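Here are my notes on the model you asked me to look over. They are set out as numbered points, to be read beside the coordinates.

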Amino acid sequence: MRTDRLVAILLMLQRREQTTAAEVARELEVSERTARRDLDALAMAGVPVYSTQGRGGGWRLVGGARTDLSGLTASEARALFLVAGQASAATPAVKAALRKLVQALPEPFRVQAEAAASSLVTDPQRWGSSPVEPRPPRFLDELQDAVIRGVQVGLGYLDREGAVTERTVHPLGIVAKGPSWYLVANTDAGRRTFRIDRVTSTTPTEDPVTRPADFDLATSWREIADEVDRKRTPLEIQAVCTPPGISILRIAFGNRLEVGGPTTDGRIEVVIRGHNEYILAGELAGLVEWTEVTSPPAVRDRLASIGNALVKLYN
């Protein structure tokens with residue numbers, strides 16, 4: 001794409017004191033005529049570039065001028081400015097900063113960057129559902145500031161029983177999951193996760209956070225999410241499934257399904273998690289064409305009871 005070439009030429013001019021159309025053509029694998037046309041386009045777009053004729057001539061940036069695009073290709077710039085668009089979940093401050101950066105780009109890059117910023121709209125409302133306008137929780141900015149500055153925070157928190165507790169925490173990171181925001185922090189009782197919409201007060205201190213040397217927010221959150229999923233679906237059943245049924249089980253159970261190896265009769269071992277035997281048996285009742293539960297016996301018994309009830313009702 002031409003925009004990618006223009007960015008590449010600008011970066012070449014920044015790296016070198018001078019370059020020629022022939023050098024540009026060799027590096028970008030285009031003709032010299034195309035290279036000269038691209039260099040002229042940079043000058044016409046307002047980039048402070050000029051050419052000198054004769055032996056030892058070439059193209060230079062006026063006064064060694066620089067445009068702060070180091071390391072960015074045009075496609076990367078377009079991806080970056082998607083964050084500034086209406087569909088982005090970025091804060092207004094981030095969007096405003098990115099829009100100012102768009103205006104600092106040379107004209108050939110600015111057009112596509114501005115187009116990227118307005119090219120995508122997301123509508124989180126499902127068909128037929130009531131409008132939902134998720135808003136950032138009240139103390140999000142204060143907690144994010146504490147994470148960035150690395151200071152401890154006195155936290156007021158409303159627990160599930162409706163009681164407000166006070167504690168001092170070591171903020172490690174913030175995670176957005178769907179419409180909810182969570183603070184991951186170390187406490188006297190170990191690492192904990194707090195829903196930010198349940199925070200009732202924040203009192204930043206000047207005491208530094210104790211941050212584990214090997215802490216990684218993404219890894220920590222995956223561990224937390226896996227633990228939450230297992231607590232919400234504590235029952236595991238073992239079953240075997242025909243190969244064509246695996247795709248159906250993936251749709252029905254998502255990350256509650258673990259696919260194992262093949263059995264001697266050509267079926268596939270699976271493990272499925274659920275809330276309890278009654279709910280899980282109900283979910284599995286419509287999948288008996290592909291799936292046979294092997295354990296625990298309580299789920300098998302529940303499935304048999306559902307089958308008897310269906311025969312009695314519809315026979």
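1. Basis of the note. This is a predicted model, in which local features need pLDDT of at least 70 and side-chain atom pairs count only at pLDDT 80 or more, whereas totals for chains, interfaces and linings use all residues. Residues are numbered from 1 along each chain as its sequence is written, and side-chain values use heavy atoms, with hydrogens and water left out.

2. The chain overall. The protein chain has 11 helices and 11 strands, these being DSSP runs numbered from the N terminus (helices are H or I of at least four residues, strands are E of at least two). Of its 315 residues, 34% count as buried, where buried means under 20% relative accessible area, exposed over 50% and partly exposed in between, with a 1.4 Å probe and protein chains only. The accessible surface of the chain comes to about 19,400 Å², and 52% of that belongs to carbon and sulfur atoms; the areas come from the Shrake-Rupley method with a 1.4 Å probe, and for residues only the protein chains shown count as cover. Among contacts (heavy atoms within 4.5 Å) between residues at least 6 apart in sequence, 57% join residues at least 24 apart.

3. The five-stranded sheet. Five strands form an open sheet in the order E6-E5-E4-E3-E7 with antiparallel pairing, two strands being paired if DSSP finds at least two bridges between them. Its edge strands are E6 (190–195) and E7 (199–208), each of which pairs on one side only. From one strand to the next the twist averages 45 degrees; for such angles, axes are lines fitted to C-alpha atoms, for helices over the stretch in contact, and the angles run from 0 to 180 degrees between N-to-C directions. Strand E3 (residues 151–158) pairs with E7 over six bridges in the antiparallel sense, and within this pairing Leu 155 has Thr 202 of E7 as its bridge partner. Helix H7 (residues 140–149) packs on the sheet, where it touches E3, E4 (164–177), E5 and E7, and its direction makes about 85 degrees with that of E4.

4. The four-stranded sheet. A second open sheet, again with antiparallel pairing, has the order E9-E10-E8-E11. Strands E9 (257–262) and E11 (291–295) each have a single partner strand, so one side of each is left without a neighbour in the sheet. The twist here averages 30 degrees from one strand to the next. Strand E8 (residues 235–241) is joined to E11 by four bridges, and Val 240 has Glu 292 as its bridge partner in E11. Helix H11 (residues 297–314) lies across E8 and E11, running at about 135 degrees to E11.

5. The hairpin. E9 and E10 form a hairpin with five residues between them, and Gly 266 in the turn has a positive phi of about 90 degrees. Four bridges join E9 to E10 (residues 268–274), with Pro 262 standing opposite Ile 268.

6. Thr 187. A polar atom of its side chain lies 3.1 Å from the backbone nitrogen of Ala 189, and a polar atom of the Thr 187 side chain lies 2.7 Å from the backbone oxygen of Gly 190. Not counting residues up to four places away in sequence, Thr 187 touches Val 169, Arg 192 and Phe 194.

Notes: Polar contact = N/O pair within 3.5 Å; in protein donor to acceptor, adjacent residues only side chain to side chain.
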